[in-house]
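Grab a pencil and work through these exercises with the structure open beside you. Try each task before you read its solution.

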Amino acid sequence: MNLLNKVSRDYTAAEKRRSWLSTLDPEEIERLQWKAIQLAWSDAVSDVVYYRNLVEKGVVPKELESWEDFRQIPLLHRKILQDRQSEFRRISGPPDESRKTGGSTGVPVSIGVWKKEAEVHRIAKLMLWQQVGYTPRSGLFLLWGHLHLLGTGWKGQMNHGIRQLKDTLLGYKRINAYSLSSQKCKDIARQLIKFRPVGLIGYASALDYFARSTEEFHEEF
């Protein structure tokens with residue numbers, strides 16, 4: 001029940017945020033976005049080793065006064081995170097927890113996560129979900145899954161069981177999106193039709209392959 005209450009609270013917070021944004025004109029939204037970017041940059045150069053080093057080397061400005069300043073910030077590629085992971089840490093202290101990326105290139109990256117930041121991410125995601133009509137009670141079919149992130153051995157089995165329980169409570173059905181084949185997509189299509197979800201969520205490439213492999217099911221979808 002605590003999980004359902006938590007999800008409901010997040011949906012409520014997201015709806016309030018969406019309602020507030022709807023009262024603003026485009027110029028006000030642009031001003032708020034620029035202020036948020038400036039604050040994020042100020043935080044990064046003062047507390048994250050990688051960005052502080054860029055400032056000390058004169059590669060980027062310490063403060064953002066214009067979009068031209070913003071364009072001086074180098075693009076952050078996955079390889080930089082992989083090769084210089086020790087520099088992506090806060091000087092002020094360790095994160096609340098560490099999470100790994102999905103490892104779509106075969107090399108997952110560990111990233112520090114703070115509970116306050118995770119809450120913002122959840123609410124931002126739900127704001128988009130609400131735009132297509134999803135609610136806390138919407139049954140969702142997820143073509144998703146990072147099985148390797150759950151661990152191995154007894155710990156992995158326990159984490160897998162916990163996730164299955166959470167999915168059941170939330171009305172989700174989760175299918176592993178890795179190693180898809182044409183036949184597997186057809187099996188998934190039958191499960192999708194039987195489950196009758198409110199929505200289908202998944203990786204873009206997986207959904208594209210799934211749609212192309214299941215043309216005979218499209219009318220039923």
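This is a predicted model: local features need pLDDT of at least 70, side-chain atom pairs count only at pLDDT 80 or more; totals for chains, interfaces and linings use all residues.

**Exercise 1.** Which kind of aromatic pair do Trp 34 and Trp 67 form: stacked, tilted or edge-to-face?

*Solution.* 
- Step 1: A pair of aromatic rings is described by the distance of the centres and the angle of the planes.
- Step 2: For Trp 34 and Trp 67, the centres are 4.6 Å apart and the planes make an angle of 50°.
- Step 3: Stacked needs under 30 degrees and edge-to-face needs over 60, with the rest counting as tilted, so this pair is tilted.
- Step 4: Now find the two rings in the chain. Trp 34 belongs to helix H2 (residues 26-47) and Trp 67 to helix H4 (residues 67-70), so the pair ties together parts 33 residues apart in sequence.

**Exercise 2.** Is Phe 217 buried or exposed, and how are the rings of Phe 217 and Phe 221 arranged?

*Solution.* 
- Step 1: Buried means under 20% relative accessible area. Phe 217 has 8%, so that residue counts as buried.
- Step 2: Phe 221 comes out at 42%, which makes it partly exposed.
- Step 3: Their ring centres are 6.3 Å apart with 20° between the planes, and the pair is stacked.

**Exercise 3.** Which residues does Trp 129 touch, leaving out those up to four places away in sequence?

*Solution.* 
- Step 1: Look around the side chain and you'll find Tyr 11, Tyr 134, Leu 140, Tyr 172 and Ile 201.

**Exercise 4.** What is the strand order in the open sheet of 3 strands, and which strands are at the edges?

*Solution.* 
- Step 1: The order reads E4-E3-E5, with parallel pairing.
- Step 2: Strand E4 (172-176) and strand E5 (199-202) each pair on one side only, and these are the edge strands.
- Step 3: Zoom in on E3 and E4, which pair over 5 bridges. Here Leu 140 stands opposite Tyr 172 in E4.

Definitions and conventions: Residues are numbered from 1 along each chain as its sequence is written. Side-chain values use heavy atoms; hydrogens and water are left out. Rings of Phe, Tyr and Trp (its six-membered ring) pair if their centres lie within 6.5 Å; planes under 30 degrees apart count as stacked, over 60 as edge-to-face and the rest as tilted. Helices (H or I, at least four residues) and strands (E, at least two) are DSSP runs, numbered from the N terminus. Buried means under 20% relative accessible area, exposed over 50%, partly exposed in between (1.4 Å probe, protein chains only). Contact means heavy atoms within 4.5 Å. Two strands pair if DSSP finds at least two bridges between them.
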